[in-house]
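I opened the notebook to record what I looked up in this structure, strand by strand and then domain by domain.

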Amino acid sequence: MSDILKSLIEIVGERGVSNAPEEIWYYSRDPGVLTPRKPDYVVAPKTTEQVQKIVQLACREKIPVVPMGNGMSLTGLVIPLKGGIVLDMKRMNQILEVNSKARYAVLEGGTSQGVLKAHLQEHYPHLRHSLPDAPPATTIAANVALHGQGRLTNQYGFNSDMVTGMEIVLPTGEVCKIGSPSLGPYWFSKGPTLPDLSGLFLGWLGTTGIITKVGLKLFPNKKIRDVELFVTDRVELIPDILYKLTHLEMLEDINVWFQPKPLMFLGNFHVTIYFTGDTDEEIAFKRKMVWDTLQEFIDAKDGGFMAVQYMKGMLLEMPQRAIADFADVPKGGGFEYSGPITIVEHFPQYAAKVVELAKKYDVLYASSARMISGGLCMMFSISFAFNRNDPAMMTRVKHALDEATAFALDMGGIPWKPNFMEQKMTMQKMEPGALKLMQMIKKNLDPQGIMNPGNWEVNS
Amino acid sequence: MTQLRNIEHAEIVHRCFRCGYCKFPEDYIDFNCPSYKAFGWDTYSPGGRMWLIRAWLNDEIKTSERFAEILYSCVACDNCKNQCVFPKFKDFLPEIFQEAKAELVGEGKIPPGVRDYFKAIATNGNPYKLPQSERGKWAEGTGLQKYAGQDYLFYVGCVGSYDEVGQKMARSVGRVLLGAGLSLGISGSEEICDGNEVRILGEMGLFAKLAGDNIEKFKAQGVKKIVTLDPHALNVFKKDYPGLGGNFQVFHFTEILARLIKEKKISLGPYAAKITYHDPCYLGRHNQIYGPPRDILKAIDGVELVEMHRNALNAFCCGGGGGNFFTDILGTGEDSAGRVRVLEALETGARIIAVACPSCAKMLSDAVKMENLEDKLEVLGIAEIIERAAKK
């Protein structure tokens, strides 16, 4: 047994570390199309102190450490590109506090989205968090670390904007608290009015530290949710439709989606409009406002509301199970998407690009855009499904996604949860001053370069 | 790529997305896969198993003790099948795991506990390595007679026949059924293991022998209707025996008891108790029998039936399924299924956990002891609760 393995067992116990071929094989990959890379060890800590000791060991021995939630970014962000330790955080899954009146929760770094949703539903039914449509096993810390989105992103911004404090194990093994918890027992602010240090970790994809605790804003959970579905075949009208809808300032979430299958959806753009209320009157009022706002498009015969009754259950489900189902359309167990953040007026160009790429690479697409911060921007998902038993199809999907990212950068967009190649493309395009600042931060926080190496490698 | 191994459903193994819905109940309150809960590695989850089986079929990983442990730590509770989001292949998940285990049996590379289980069944006819002649001893003093053309054969199974906790449950069921005037008999020392666990553990040859012997015997005796103590036996009789020529009307004892109560053939007095009911996987998820046990408890004046958070389709397994009752691959750590489940029962404020399966009775009784809850929780079979009510 190696000295490293012995040391890891001393920290987490025998059941908390593995270098067995089964775990090495499994944790070397994610469900996306990137090539697997083997870790040397997989370690599952249960406490901040254990994480700290693991990182101290890794720092001393110059071993890479890759923090992992459920590994569902699909862009290989937990693939250990340079080997080392994959840190499966999911055993740190305690909900430490819910401050009902201040509307925030404090969670351990491996707490899953599903568990928080269920916990709130059972104990605080008047509260909710911004639940992504990713599977429920995905973790909250990973979601904010990659600037994830959720059901309330249209109203309140990226889920990382909803962080209210953090506990971080730094790449040198020190522990620090970020925001109001650095001064007292309350987790209500990640920065203001202090210098906002959360930016040293959010969006860095685990390359500057490990989130062991996170505070998260909660929001009122209205008694009723409802949905309307507006459909148009004129893609050029989508930005105007979205502008008018976001002007209402009363919608929970807005998604625009289009896909070629089933055939009834081909050629149409579907705007799913979610709204909430505490009374039937409130719901009726909001529905009327939505209808009135889009009436001009109906009058011009450019679109109309589609009956949603038969798929209402699916649309209102949180998270939407049907999204994962896209992976099995080519009977193959996989899909991956590029999800650039972009301004809304570029929707038609992106939509055309999706169809062009699908045709060029002979792959199946589905696309969905989510409004962020009331129309400030959107996440435009360019999704391609693949058959995991068809390596050629997987290669075609990878090429299509690479081209989608290049297109997004050309259009002035920002790649979301970019894979290591997309990060390189992004940094090549980045303004030199910004890149230099990233270099300074990374060099100072992670002098040994052990944190998720291969990602955001600004120093190479 | 050359396939070194093959299983019947090999062509769909790659379709798992490893999204992880399978780990949870419907509302996501906690992990609902007992092996993932106990071990904590993704490899021990249903999705992990699917991906590893694919790697193993493609010879990207070899057969190993750990791979065998990963497969055999599955308790066959069927939660994954119900929660998987892929309707076109979700129903095949348990079969894929079973087929992979059968392939391991063929390779002769199975965990020692599984090997010993098969050997005991093959040589002694039961996993306890006790004489066949003692199989019917549990019934002494109950008044139950050997089956000789009565309306029902009361099939008890290995746990009910040999395990102390199981025997207690079998005796009470037998007494209550007899007391209600049901015409039934037992096989006693001639009863043969039903083979449900043998099949799920992948020893298909031994299973075929056990099932064949049982079917032949039942037919020779003229058995038409069977009432089982054990939901595991109910499952295999209903689902696997017909394909082998064994077509019988099969009931779980709670179905019969609920009917007898409805027909007022069992008189119930008051019994004041707060009770929570634990759904056995082979009665609930596998066979969708959720109502009768609850109907029985609700029929008792004074019983307050409170549900655990995870119940019915979302119930958390006791950890005894898939042969783990005998092989104990899941172990008894703090995250083992039985211990987690009794703590969930405690949260309801109930004083009694009602059970309808002898394996659950044993697993949860042991867990109550491990958690030092003997003064707070009692594990009782449904018929034992009826007897308490009847005595008042």
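Entry 1: I worked on a predicted model. I began with the side chains of β19(A): Cys377(A), Met379(A), Ser381(A), Ser383(A), Ala385(A) and Asn387(A) point one way, while Met378(A), Phe380(A), Ile382(A), Phe384(A) and Phe386(A) point the other way. I noted that all of these residues are buried. I then looked up the burial of the strand as a whole: 11 of the 11 residues of β19(A), residues 377-387, are buried, so the strand is largely enclosed by the rest of the structure.

**Entry 2: partners of this strand.** Which strands pair with β19(A)? I found that β16(A), residues 333-338, pairs with β19(A) in the antiparallel sense over 6 bridges, and that Phe335(A) has Ala385(A) as its bridge partner there. The hairpin of β18(A) and β19(A) has 4 residues between the strands, and in it I noted a positive phi near 50° at Ser373(A).

**Entry 3: an open sheet.** I next traced a sheet of 5 strands in chain A, which is open and antiparallel in its pairing, with the order β5-β6-β10-β8-β9. Why is one side of β5(A) and of β9(A) left without a neighbour in the sheet? Strands β5(A) (95-99) and β9(A) (175-178) stand at the edges with a single partner strand each, and therefore one side of each has no neighbour in the sheet. I recorded an average twist of 10° from one strand to the next.

**Entry 4: domains of chain B.** I turned to chain B, which is divided into domain 1 (12-110), domain 2 (129-258) and domain 3 (268-391). The C-alpha centres of domains 1 and 2 of chain B lie 30 Å apart. Between these two domains, I found 6 residues of domain 1 in contact with 5 residues of domain 2. By class, the side of domain 1 that touches domain 2 has 4 nonpolar, 1 polar and 1 charged residues.

Technical notes. Residues are numbered from 1 along each chain as its sequence is written. Chains are lettered from A and ligands numbered from 1 in the order in which they are written. This is a predicted model: local features need pLDDT of at least 70, side-chain atom pairs count only at pLDDT 80 or more; totals for chains, interfaces and linings use all residues. Two strands pair if DSSP finds at least two bridges between them. Helices (H or I, at least four residues) and strands (E, at least two) are DSSP runs, numbered from the N terminus. Axes are lines fitted to C-alpha atoms, for helices over the stretch in contact, and angles run from 0 to 180 degrees between N-to-C directions. A residue is buried if 20 or more other C-beta atoms lie within 10 Å of its own, exposed if 12 or fewer, and partly exposed in between; C-beta atoms are placed from the backbone. Domain bounds come from an automatic or database domain assignment. Two residues are in contact if their C-beta atoms, placed from the backbone, lie within 7 Å. Ala, Val, Leu, Ile, Met, Phe, Trp, Tyr, Cys and Pro count as nonpolar, Asp, Glu, Lys and Arg as charged, and the others, Gly among them, as polar.
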